[in-house]
Amino acid sequence: MSSQIAGQIIIKDLIGCARCHGEGHPGLQFRQFTHNAETPRGIVFTHWAPCPTNGEPILLASVSMPTPLVQGKDPEEDARSE
Ligand SMILES: [Zn+2]
């Protein structure tokens, strides 16, 4: 039986806050979820932090995922020429 202490904290400079629409919050402390939150699209949120402006939760997705979150444009789409 392992009894790991929950609540690992990572500190990140948040650029652009979706909660308060501010420019961001440098040095924000993100706490680890006890249980990860996964969306139907396969994005796994592992940490969260309260927005310093209004206290609403900011979710942090894991960056160690095999699939990229942002898709570039498909090179085959632009390959056509007259
Ligand atoms: Zn904010």
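1. Confidence. The model is predicted, and the pLDDT of the chain averages 79. A score of at least 70 is reached by 67% of the residues. Residues 67–72 form a stretch in which pLDDT stays under 50. For residues 67–72 the model has three contacts beyond four places in sequence.

2. Secondary structure. The chain holds four strands and zero helices. Read from the N terminus, its elements follow the order β-β-β-β.

3. The four strands make up an open sheet, ordered 1-2-3-4, with antiparallel pairing. Strand 1 (9–15) and strand 4 (57–61) each have a single partner strand and stand at the edges, so one side of each lacks a neighbour in the sheet. On average, and with direction ignored, neighbouring strands of the sheet are turned by 45° against each other. As background, strands of a sheet pair through backbone hydrogen bonds, in either a parallel or an antiparallel manner.

4. Strands 2 and 3. Strand 2 spans residues 24–38 and strand 3 spans residues 44–50. The two run antiparallel and are joined by four bridges. Within strand 3, Phe 45 is the residue that stands opposite Ala 37.

5. Strands 3 and 4. Five bridges connect strand 3 with strand 4, and this pair also runs antiparallel. Ala 49 has Ile 58 of strand 4 as its bridge partner. The hairpin of strand 3 and strand 4 has six residues between the strands. In this hairpin, Gly 55 adopts a positive phi near 80°.

6. Burial and contact range. The chain has 82 residues, of which 5% are buried. Among contacts in the chain with a separation of 6 or more, 27% are between residues 24 or more positions apart.

7. Ala 18. The loop between strand 1 and strand 2 contains Ala 18. Is Ala 18 buried or exposed? Ala 18 counts as exposed because it has 11 C-beta neighbours inside 10 Å, and the cut-off for exposed is 12 or fewer. Ala 18 and Pro 57 are separated by 39 residues in sequence, while their C-alpha atoms are 9.8 Å apart in space.

Notes
Residues numbered from 1 in each chain as written. Predicted model: local features only at pLDDT ≥ 70, side-chain atom pairs only at ≥ 80, totals over all residues. Pairing = 2+ DSSP bridges. Axes fitted to C-alpha atoms, helices over the stretch in contact; angles between N-to-C directions. pLDDT = per-residue confidence, 0-100. Contact = placed C-beta atoms within 7 Å. Buried ≥ 20, exposed ≤ 12 C-beta atoms within 10 Å, placed from the backbone.
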